[in-house]
Amino acid sequence: MSGPVRIAVAGAGLIGKRHIEAIAIAGSAELHSVIDPSEAGRSHASQIGAKWYPSLAAAFEAGKPDGVILATPNQLHVENGLACVAAGVPALVEKPLATDLQAGRDLVAAGERSGVPLLVGHHRRHNPLIAAAKAQIDKGLLGKLVAVHGMFWLMKPDAYFDTDWRRQPGGGPVFLNLIHDIDLLRHLIGEIVSVQALASNAVRGNAVEDAAALVFRFDNGALGTFSLSDAIVAPWSWELTASENPAYPATGQSCYFIGGTHGSIELPNARLWTNPDQRSWWEPISATHFPVSHEDPLVCQIRQFVRVIRGEEAPLVPALEGLRTLEVIDAVQRSALSGQAVAL
C-alpha cells in the first residue's frame, strides 16, 4: 500500500475528535471521513473540511476507507465492529470492546474467522513509558514479581453526573476508568486469575459505585491491590500523573508501584528502586530513572494501526486482549455484588 492510509472516524464526540487530531499528526495516515448521524458530527466534519457520512453503510457504499476507528457509544461497538468485518475493513474499536461478554466473544470470533484485523483502543499500551517499563520487567530487572499496587483517586465534579447514564450501572469508575488500569496491569504483570472486590456508593448514593477496593492474584503468583474512587480530591491516578491528556493537570506523582525480589518501579515517574549491593532492609537503597521518550500514545496508536493495515506487524492490542480485559472487569463487578472471590 503506497501513500497515506485513509482512516475514517466513526463518532465525533470527545474521543473521536482526539483521534481525528492524532491522524493529522501521525504523518502516515489521512482522514478519510467523519461518520456520525448527528448534526454536531456533520458540523464538525464541515469545520475541518472532511467528508461526512451518517452511517458506516453510507461511507462504505461511497468508497471504503482503509481502516475505521469506532469511537461510537459503547452499545454500538459490536454492531459496528461486525459491519467492518463483513466489509473487510480493519477496525480500531474504542474500549470497551463490548458491553456484553458474549457479544464481545462473538465479535472476536468473527474477526478471527475473517482475518480482518480488529484492534482495541487501550491506548496506554502505546505510551513509550509503558514499553520501556515492560522491557525492564521482561529483562528480569525486578527479579521475581511479588506485588503490585495501583491507585485511581480523583474527584469528578458534580456537573459530570448531570448526564443520566453516568449515574447508572456501567457508568461508574470500574467500567469507565479501571478497565484501562486492568489492561495495563495485565500487560505489565501477567494474566489475572482471581479477583476479590468491594464497592461502595456511600458518597453520592447513585446506582453506581463511587469507590472500590480490589485484590488480584496473577498467574505468575504475584498479588495485586487496587484502590479506586472518583470522589476523592487527590493527585494519584493515571489521568493526573501521566500527562497523556492536556485536559488534566499534571501532578508529578506516581499511581502504580510494582515490586519484585530485586527491585521496584514507580509509574509513571519511571523511578527504579534497588539495593546497589546486598539486598537487605539494612542496606542503602537508591533510585534511578530509566530513559523514556515522550510521545502522545494516541498518535503512536494511529501509527501502529497503519502498520497493521499495511500488513507490516500484528496488533499490539488485538480484540482478544480487549476481551480478556473485559472479562476481568466483569469478574470485578460480579465479586463486588456477591462479596465472594471470582476465579477467571
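## Exposed tryptophans

W281 counts as exposed, at 75% relative accessibility, and W282 is likewise exposed, at 71%. Exposed means over 50% relative accessible area, buried under 20% and partly exposed in between (1.4 Å probe, protein chains only). W281 and W282 form an edge-to-face aromatic pair, with 5.3 Å centre to centre and 65° between the planes.

This is a predicted model: local features need pLDDT of at least 70 and side-chain atom pairs count only at pLDDT 80 or more, while totals for chains, interfaces and linings use all residues. Residues are numbered from 1 along each chain as its sequence is written, and side-chain values use heavy atoms, with hydrogens and water left out.

## Other ring contacts

Rings of Phe, Tyr and Trp (its six-membered ring) pair if their centres lie within 6.5 Å; planes under 30 degrees apart are stacked, over 60 edge-to-face and the rest tilted. By this rule the count is five aromatic pairs. One of them, W238 with Y256, is stacked, at 5.4 Å centre to centre and 20° between the planes. W238 is buried at 2% relative accessibility, and Y256 is buried at 0%.

R166 lies over the face of Y160, 4.0 Å from the ring centre. The criterion is NZ of Lys or CZ of Arg within 6 Å of the ring centre and within 35 degrees of the ring normal.

## Strand pairing

Six strands form an open sheet in the order β3-β2-β1-β4-β5-β6, with parallel pairing. Strands are DSSP runs (E, at least two residues), numbered from the N terminus, and two strands pair if DSSP finds at least two bridges between them. The edge strands β3 (52-53) and β6 (118-120) each pair on one side only.

Terms used. Helices (H or I, at least four residues) and strands (E, at least two) are DSSP runs, numbered from the N terminus.
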